[in-house]
Amino acid sequence: MGVNVKSFEGCRVVVSDKETREAITDTTIVSYDASRNVIRIQEDLFQKDKDFDKVNVLILGNQGLYEFAGTLRKAASSGETEIALYAGKEKES
């Protein structure tokens, strides 16, 4: 992947519905688990009215802009959501 994963923590992230491309949230990454390739945001996306699990993730990192496909997971602590990242690439613009 070639991404400096430590740069993701504290970075801005925009999560959108994979099918409609509609933005779901624009927030900050609370933590990043490099061993599982999972980010955690401090928002419970399962409280939204829509039923979705596949998302697009745009991370505005310290050293660039990154785009991933992702799958939502309920985090252990309430009020947070984990997003498993895959198929990532650095965007050029």
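1. β1 and β2 form a hairpin with five residues between them, and in its turn R21 has a positive phi of about 65°; helices (H or I, at least four residues) and strands (E, at least two) are taken as DSSP runs and numbered from the N terminus. Strand β1 covers residues 12-17, while strand β2 covers residues 23-33, and the two run antiparallel, joined by five bridges. Within this pairing, which requires that DSSP finds at least two bridges between the strands, V15 has T25 as its bridge partner in β2.

2. The model is a predicted one, in which local features need pLDDT of at least 70 and side-chain atom pairs count only at pLDDT 80 or more, whereas totals for chains, interfaces and linings use all residues. Residues are numbered from 1 along each chain as its sequence is written, and side-chain values use heavy atoms, with hydrogens and water left out.

3. On confidence, pLDDT expresses the predictor's confidence in each residue on a scale from 0 to 100; the mean for the chain is 85, and 85% of its residues reach 70 or more. Where pLDDT is low, the predicted coordinates should not be read in detail.

4. The chain has six strands and zero helices, so that, by the DSSP runs used here, its elements read β-β-β-β-β-β from the N terminus on. Of its 93 residues, 43% are buried, a term that here means under 20% relative accessible area, against over 50% for exposed and partly exposed in between (1.4 Å probe, protein chains only). The accessible surface of the chain, from the Shrake-Rupley method with a 1.4 Å probe, comes to about 5400 Å², and carbon and sulfur atoms account for 43% of it.

5. Strand β1 also pairs with β4, in the antiparallel sense and over six bridges, and D17 has V55 as its bridge partner in β4. Because five of the six residues of β1 are buried, this strand is largely enclosed by the rest of the structure.

6. Nine bridges join it to strand β5 (residues 64-74), the two running antiparallel, and the bridge partner of L65 in β6 is K91. Strands β3 and β6 pair antiparallel as well, over four bridges, with A84 in β6 as the bridge partner of V38.

7. Where does D44 lie? D44 is found in the loop between β3 (38-41) and β4 (54-61), and it counts as buried because its relative accessibility is 13%. Leaving aside residues up to four places away in sequence, D44 touches K74, G79, E80 and T81, a contact being heavy atoms within 4.5 Å. The side chain of D44 makes a polar contact with the side chain of K74 at 2.6 Å; such a contact is a pair of N or O atoms within 3.5 Å, where within protein one must be able to donate a hydrogen and the other to accept it, and residues adjacent in sequence count only if both atoms are side-chain atoms.
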